[in-house]
Amino acid sequence: MMKQSFFEIVSNEPLTFAPSGQVFRLVLRGDVSAITRPGQFVNVKLDGLFLRRPISVNDLGDHTLTLIYKVVGKGTKQLSAMKSGVLDLLTGLGNGYDTALSGENPVLIGGGVGVPPLFLLAKTLLSEGKKPSVILGFNKKEEIFGEADFLSLGIPVKVTTVDGSYGIRGFVTDALKETDYGYFYACGPEPMLRAVWKSAVTSGQMSFEERMGCGFGACMGCSCKTLTGNKRICRDGPVMKKEEILWED
Amino acid sequence: MGRLNVSLCGIPLDNPVIPASGTFGFGYEFAELYDINVLGTFSFKGTTRDPRFGNPTPRIAECTSGMINAVGLQNPGVEKVLSDELPKLKAVFHKPVMANVSGFSVDDYAYTVEKLDAEEQIGWFEVNVSCPNVHGGGMSFGTDPRAAAEVTAAVRRVTKKPVILKLSPNVTDIVSIALACEEAGADGISLINTLLGMRIDLKRRKPVIANKMGGFSGPAILPVALRMVYQVSSAVKIPVVGMGGVSSAYDVIEMMMAGASAVEIGAANLVDPFVCRNIIRDLPSVMDELRIDSLRDIIGAAHGC
């Protein structure tokens, strides 16, 4: 259930330096009790901006919360300049990934800024005795982050770059063809999700993004149609099962 | 009577704080956060005859001190509201509730109100003739005095409950529309709905909102809302519900001094889900500070100066 609480900024450091948008790791200290599943998000209030900014949960400790975000606009730019202080967060938002369906050897597929929530998912799957593997897709070498985090968990990682400047040249789906898996979890830009949806040979879950008003199901700002009815990405999602997704063109 | 008690079209309210339609669903999401029975009442999600998915996304844009939405009256339709939503509402809210209704023809409005009328918990109908996000309906009824009067009269015929017409600010002369509604039998007027607005994505060189335009709300519109509440409450004899940019106990009092008998809070709920509870908590101390004994004493206080 959602909670509003205040978090102290522990650190807020850049992970990449690509001019297309720097990626930052923000570590916060506060009450994380409302966060119950990987794949959930928090909604961050920033001074002078009206709407909160939704950011997925990357990692969780007893009293710490890690968010990884890309600087894409006014809000994230302002957030990246904060090195200390207190942030007003709504926590425990979204349904999150269901790990009960993962089977023994799920593959986790992340594209760009969709990579962060897969880290807490990987840790959760490991704690349940499962053997996840990871595929991370980026445009080019300068944009890569997160590989070392997964390697430190002892998880096999394949990295793809579109321009071939690092790892496998191509898309996450090129690496997926060469991977043995019994289930998949994906998070990334919509073109990637569509490609994964087409080429995955098993069931799976994917996490979606949309501009949100409230983030907790009140405003109907982020609705989408699915095969199981209309859903609010913020509350009934952001995670959907492969079988219920309805792509609109 | 307590200091916060007011009355709206003959129905007593513990306080004048009313979450506005479209920002509070059917109440049960917020009931997970706090006991929503502290509210005066709330206006539930705009309901239409048929189910509506609404507009394509993106439906939301950030603005300075506000936001634009183009949801487009997404709702499950009156049948599902009766069978699925109102039972859930009843489980968490035990006061008379305000039913917000919209339509695309005069018959639509009357049909939906008539269907809902048997629900005992519905205290008032708030008839939305001001949604800027749908074509061929909504706002078009609220921008013409004759059309607004026609909707009012049609709804009036199918219910004995108080009928409050929710008006659009996107007009040249809001007073003439309010007067037309009053003459056609309205028991109250609520205003303002959102102001038609737009944002453009500078990188994509396209409107941020998929529907191009949307309704602008939030603290930025408070002065416009105050002005219109003042004008309308000067002209009509029926009660006025004020809304538009209200986000604090001070704003509630300002809206009441402008002439509002009760006050709706919209966009603020979306960024601070506790805002209505907090306003109700803050009102007594703000009243002390401003030497207000009872909120009833300040309704329209700014008139006649």
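1. Between the two chains, 23 residues of chain A are in contact with 27 residues of chain B, contact meaning that the C-beta atoms, placed from the backbone, lie within 7 Å. On the side of chain A that touches chain B, the residues divide into 12 nonpolar, 6 polar and 5 charged, where Ala, Val, Leu, Ile, Met, Phe, Trp, Tyr, Cys and Pro count as nonpolar, Asp, Glu, Lys and Arg as charged, and the others, Gly among them, as polar.

2. This is a predicted model, in which local features need pLDDT of at least 70 and side-chain atom pairs count only at pLDDT 80 or more, while totals for chains, interfaces and linings use all residues. Residues are numbered from 1 along each chain as its sequence is written, and chains are lettered from A and ligands numbered from 1 in the order in which they are written.

3. A:Met1 lies in the segment before strand 1 (3-14) of chain A, strands being DSSP runs of E with at least two residues and helices runs of H or I with at least four, numbered from the N terminus. Because A:Met1 has 9 C-beta neighbours inside 10 Å, it counts as exposed (12 or fewer; 20 or more is buried, and in between is partly exposed). Leaving aside neighbours within four places in sequence, A:Met1 is in contact with A:Ala34, A:Gly92 and B:Glu32.

4. In helix 7 of chain B, the buried residues include B:Leu222, B:Leu226 and B:Tyr230. The buried residues of this helix pack against helix 6 (174-183), strand 9 (188-191), strand 14 (240-243) and helix 8 (249-257) of chain B.
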